[in-house]
Amino acid sequence: MSLFQLDFAKKKERELERKLKANDREYNLSFKYATNAIKTSKYNVFTFLPLNLFEQFQRIANAYFLILLLLQLIPAISSLSWFTTVVPLVLVLSVTAAKDATDDIVSINIASNKNTCIPSSFCPSLLPVPPLPFPEGEVRCEPPNNRLDRFTGTLNNAGQKYSLDNNRILLRGCTLRNTDWCFGLVLFGETKLMKNCGKTTFKRTSVDRLMNVLVLCIFGFLAVMCTILAIGNRIWEQRWGSDFTAFLPREDGVNASFSAFLTFWSYIIILNTVVPISLYVSMEVIRLGNSFYIDWDRNMYHAHSDTPAEARTTTLNEELGQIKYIFSDKTGTLTQNIMTFNKCSINGKSYGEKHKTVDWSFNPLADQRFSFHDHSLVEAVKLESPEVHTFFRLLSLCHTVMAEEKREGELLYQAQSPDEGALVTAARNFGFVFRSRTPESVTVVEMGKQRCYDLLAILDFNNVRKRMSVIVRSPEGKLCLYCKGADTIIYERLHQSCSKLMDITTEHLNEYAGEGLRTLALACKDLDEKYFKEWQQRHHVASTALEDREQKLDLLYEEIEKDLMLLGATAIEDKLQDGVPQTIEQLSQADIKIWVLTGDKQETAENIGYSCNMLREEMNDIFIVSANNTDDAYALDGSMELLFLRVACLCKTVICCRVTPLQKAQVVELVKKYKQAVTLAIGDGANDVSMIKAAHIGVGISGQEGMQAVLSSDYSFAQFRYLERLLLVHGRWSYLRMCKFLSYFFYKNFTFTFVHLWYAFFCGFSAQTVYDEWFITLYNLVYTALPVLGMSLFDQDVNDMWSFQHPKLYVPGQLNQYFSKTAFFKCALHSVYSSVVLFFIPYAAMYDTVRSDGKDIADYQSFALLTQTCLVFTVCIQLGLDMSYWTAVNQLFVWGSLTMYFAVTFAMYSNGMYLAAPASFPFIGTARNSLNQPNVWLTILLTSILCVLPVVAYRFLLIQLRPTINNKAKAAPLPPKRRAKIRRSSTRRSGYAFSHAQGYGDLVTSTRFLRRPAIVPSSGFTLLGRTTGFSPMGRSAGYSPTGHAQNNRPRDVEATSLQMYSTAQTLGL
Amino acid sequence: MAPTIMGKPEVNPGPLARRPDNSAFKQQRLPAWSPMLTANTVLPFFYGMAVVCILLGVWLLITVNNTHQHKVDYTQGSCDECFEMRKDRTKADQRCNCTVGFRIHDAFKGDVFFYYGLINFHQNLRQYMDSRDDGQMTGRKAHLKNPSPYCKPFVADQNGLPIAPCGAVANSIFNDSFTLFYTGEGSPKVQVPLFRKGIAWYTDKNVKFRNPQVDNKTQTLAQVFEGTTRPLFWQKPVYDLDPRDPNNNGFINEDLIVWMREAAFPNFKKLYGVLDRTRKPFKEGLPSGNYSIQIFYNFPVQYFRGGKEVILSTISWFGGQNRFLPIAYLVTGSLILLLAILLTAVWWKFGKNGQNMEE
């Protein structure tokens, strides 16, 4: 396909028509269409520094600190040395730059990988009659758009004009089937699929949004504080400052008011630590760390596909702990998209109980992957019981599967729905091997003997009929009609003589349905030659009728499909992924609402709903909101959407079927818009991309063929059941950690900052700092950075087992309980209290005292040292109180930081540092002279006690009086291991559940089909099953072998509807 | 040529090649200590803390009560005349003496420290504190003649001569001086001997403050300071602060050093001298009796509506006579005790049987 790979560059003006010539690079280049190369990197070596810096300073926080820095350069204002801002700023900028650089390198690698692996992101056109090669073929077609079901264009080749429609193009991500090569022409660089992927928006977490509000509030608060202090300065300067000018003359032109103005800015500089620059960086580091845990988690690693979980976005972790709604795809997400023939009932006898696995060695054509556990059925086949033979003969004849046999005995079935594939494979293994078909015949190897049946008619499946039949003539010349379909439908058409068998089979069917299996009833009928001849005549007339063709055909089918003889029933398991029902139950216990959005039919979706335990027997009021009028779901239109949402939210379980990818996204947007809840979308295919992008969190199921969902997701893993761990464990922890981090971080910085505020009342509002400048510089970066990081990387309030045992522990996250505006306000109040203690206790203890040798200790430097030491101890102990999981690392960080504080302090206050730079280290000797004083330590002890004990008492009281779910869970004994899931017993009957819209009937009988012998591979394309389901017609829309116009069929049966299920209780009925 | 659409980024060497490591760190299973606030830990801790605080408070209170302190405010009163004189700036150069008398009833046993105190003097204003040059006072020659601009507006005099020591702090040095006299029962008035050295921090005296290097033995301190001028408010130059003792002269004059260690709060006291206990009758400390202080009243306080005082004090192991800490410990201890009782009651009523814990 890379033969005609073309490069396009961007085109500025709106494109109306696209013109291309095959093998004419210059011509094509002249249009400057988008190229195939995927470029995701932002920088190169030279542009990195300026670009990155520019970008970083666009972040409001960084710009704010730059302005602060500029303010500090004004001597009249500068209340702090320049380094107090420069050191943190440089550190923050370089950490962020390093992260950006690595991100960019990673994306360069991914892009180069993609660029080498994908020859093109393409829409090659397929020629109806291949006039190969076409050296000067010219294509005119529509410009790239997002319509997947439509394409118009023309191909001019050698003076001949061919029309190009949707059946002639391949979309990105298709695989070739039934052929090894083909000719094509790349049309678009920006593919239809990419255009359909929805907008990629930058996702932010709700904590982020809350933070933005809080930071704005804090800025406002800062301005208020500074204004108050400036007013204080104004008053002070007027009443006392003017008296003090003898000792401290004012500079020229500075009066009390101007001094107040300068003081305002000076205090802005000093109090800026309420919004510490390290906050954002720390948050990113924490999220990154918690993302790594997801990558590293062995419990989310799928050994079978060798796929570990992957956090593709490192900025959304805490949101995982707040999910309220989950939107799940069905096929490939809840189910494995594997159907297995599990049980059957033949002539009133049920087969398929679990015994030992059947050995297929007697059948050389058997598919070894197929397993069956009941030997008695094999015995029955070998005993040539006629009913059993007819049963399997029906399965091998009545279907629209196509066989591909590349080598003798290596059969490959191309089934439109996996159900059919499973049935045909079952027949194959039991010795009725469907081998090949032509439009007029079906070749079957029956118990080793090849037999060729004449295929006289296919009475195809559709949604209303819920059955399909074939009419064949056996090699012996016997005419027979074989029918399979939904049991209720078949039962209506049975011969009266079957009534006894019906009863027994019904019992079996109920049993199967109770196990969540998809059932089909099988029946056959011998046909009278004369009657059939006549019927065939009428059929021919009807099928060429111009008016009401469908109805006429339906009537004819109805007529012949009656008085059938019941053969038995099959039970197919739509294999759920492991642990899906348990996961769903756990998640719903955690108050998470799960909505299934699927493109499948109602019956299929319902069926899965039951087997996932989402729907249960007691939910007997299933009601359906259908909107069968247009392509777009009626319920999602303006006025209806609120009603839809209200009704849906009353329901315990919501299953939306036959939704298009865009509608999936619409549903997600709807919930996002009106419920203010955090949503998560999980899916595996390209049809889920829009929903994944629309939800707050998108999860992709990885390890399967399609990658689209994973590429646009935020998290990916191999199995649905890992969702439980992602949310209940990782999400919960991440949220908890982030919240603990934020509350503690604000606490420690507010406390730190407010002390300045109290000191202002003693130093004439002159913007004197309480602490040493070095302490201000290093407080956030060195002394308190690691302990809080350690807490937010390691903390666990309860371990993962508890999280699973008590899914309710997840609820506080949904309710935003751990960090909200209230929590923030409380934390600010706590800081005010702490700062009062931290300032006034040292003040009262020191202002009038001296050292034990009579020398000075009430000096500014000693006081600064005392206060900052008290502060460091207090915030350390507070951290210890907040931390509920002390690992060795945490111990190291906490004690290490305390040690670091003293080491750095002694170093900064040493003779050597002072002599090296007297102006920068004026605190020489303070540590040595203060910290050997008992009263200093007694003060530190007292402040620590006063700061911490009330908090302990408060928390203890809360636990006693109003214990949270958390306290309760911890107090409760660990309940017994998770009980084994009891299979529901149900009387519900599954329907004939094919996942496709309409059968291949037309195709199979088409005369243009299969010109070559069966062994030779036929040529044609199929879209890769999993990546094609984005058309409203379901997964079959893209199937277009050899240009048969399949899509022209009217869509009346398949209009979109949204179905919902509810219990009587929730609706109050 | 079956095209692979999505190439896997890496080729896997083994079936479990991408399995994450099973380390305790990566699986978040690091062994850890998880403390919880239970009645068994919290209540004993509270009672323990209450006992500790109360005991500490009692002990400190006893210690503090064993110290003595006497404060004399001399701003006005018998020094009214000087106070009025200092209001007039033109008379700044005139000397003014006054004497304040007081009586000590109980003898001050042990080391006695003589402090001067200032009230409402803001040594902690940012602009004031910044107005100094530590480089200059460390004896850096470059800074001596070329003081840091931070010293503004006390960098140079009208003639452009650099000021040593520069800056507002040094300029406003406290320049009252005191002589303490003792009049015992039936004994004559004797001067109380005070050590005027050893009143500054060791590090300040020996590291932070240094005189500029004397080039050779013959050079005097005055010669070193040539080319600089004394601060505006000073009566004598820095090299003349204590001409008798070269180790207490210039930048290393201890009164200067003590002053340069700026106080944190507007009301403060600074050490002036320590009682010399080598001579009788002061071997045991200050005996009871009448005392008088002769004051050379130079420092003007009326500008800033301040006050001046003299404090005589003995000292305990945890410093001067500040009763805040003992009382604070006693109050804190009592509060904790009350809190502990409250917590116990609450726990007894609600928490003990765990009825609140049921889900």
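Let's start inside chain A. Setting aside residues up to four places away in sequence, A:Thr583 touches A:Phe720, A:Arg721 and A:Glu724. Keep in mind throughout that this is a predicted model.

Where does A:Thr583 sit? In helix H16 of chain A, residues 580-589. Take one of its contacts, A:Phe720. In sequence, A:Thr583 and A:Phe720 are 137 residues apart. In space, their C-alpha atoms are 8.1 Å apart. A:Thr583 has a relative accessible area of 1%. The cut-off for buried is under 20%, so A:Thr583 counts as buried.

Now step back to chain A as a whole. It has 35 helices and 27 strands. It has 1069 residues, and 61% of them count as buried. Next, take the contacts in chain A between residues at least 6 apart in sequence. Of those, 75% join residues at least 24 apart.

Which residues is it in contact with, leaving aside neighbours within four places in sequence? They are A:Ala427, A:Phe432, A:Phe434, A:Val442 and A:Val444.

On to the cavities. How many of 30 Å³ or more does a search of the whole structure find? The search finds 18. H4(A) gives the most, with four residues. By type, the lining of the largest cavity has eight nonpolar residues, seven polar and no charged.

Stay with H23(A) for a moment. Buried or exposed, which describes most of its residues? Buried: nine of its 11 residues are, and the helix is mostly covered. Among the buried ones are A:Trp774, A:Phe775, A:Tyr779 and A:Tyr783.

Next, two backbone points in chain A. As background, most residues other than glycine have a negative phi. A:Asp306 has a positive phi, near 55°. A:Asp306 lies in the loop between helix H8 (278-296) and strand E6 (310-311) of chain A. It is buried, at 5% relative accessible area. A:Met447 also has a positive phi, of about 45°, and it is not a glycine. Its place is the loop between strand E13 (441-446) and strand E14 (449-459) of chain A. With a relative accessibility of 33%, A:Met447 counts as partly exposed.

Now chain B, and its sheets. One is an open sheet of four strands, with the order E3-E11-E6-E7 and antiparallel pairing. Strand E3 (97-104) and strand E7 (189-191) of chain B stand at the edges. Each has a single partner strand, so one side of each is left without a neighbour in the sheet. From one strand to the next, the twist averages 25°.

B:Phe102 has B:Tyr291 as its bridge partner. B:Cys98 has B:Ile295. What about the faces? In a regular strand the side chains alternate between the two faces of the sheet. On the covered face of E3(B) are B:Cys98, B:Val100, B:Phe102 and B:Ile104. The uncovered face has B:Asn97, B:Thr99, B:Gly101 and B:Arg103.

Another open sheet in chain B has five strands, again with antiparallel pairing. Its order is E2-E12-E5-E9-E8. At the edges are strand E2 (69-73) and strand E8 (194-195) of chain B, each pairing on one side only. Inside this order, strand E5 (112-119) and strand E12 (307-314) of chain B pair over eight bridges, in the antiparallel sense. B:Phe113 stands opposite B:Ser313 in E12(B).

Last stop, peptide bonds. Most peptide bonds are trans. The bond from B:Lys152 to B:Pro153 is cis, with omega near 0°. The bond joining B:Ala164 and B:Pro165 is also cis, with omega about -10°. B:Pro153 lies in the loop between helix H5 (141-145) and helix H6 (168-171) of chain B. B:Pro165 is in the loop between H5 and H6 of chain B too.

Notes: Residues numbered from 1 in each chain as written. Chains lettered and ligands numbered in written order. Predicted model: local features only at pLDDT ≥ 70, side-chain atom pairs only at ≥ 80, totals over all residues. Heavy atoms only, no water. Pairing = 2+ DSSP bridges. Axes fitted to C-alpha atoms, helices over the stretch in contact; angles between N-to-C directions. 1 Å grid on protein atoms, 1.4 Å probe; cavity = no way out; pocket = protein on both sides within 12 Å on 5 of 7 lines; lining within 4 Å. Points joined across faces, edges and corners; volume = space filled by probe spheres on them. Nonpolar A, V, L, I, M, F, W, Y, C, P; charged D, E, K, R; others polar. Buried < 20%, exposed > 50% of the residue type's maximum accessible area, 1.4 Å probe, protein only. Contact = heavy atoms within 4.5 Å.
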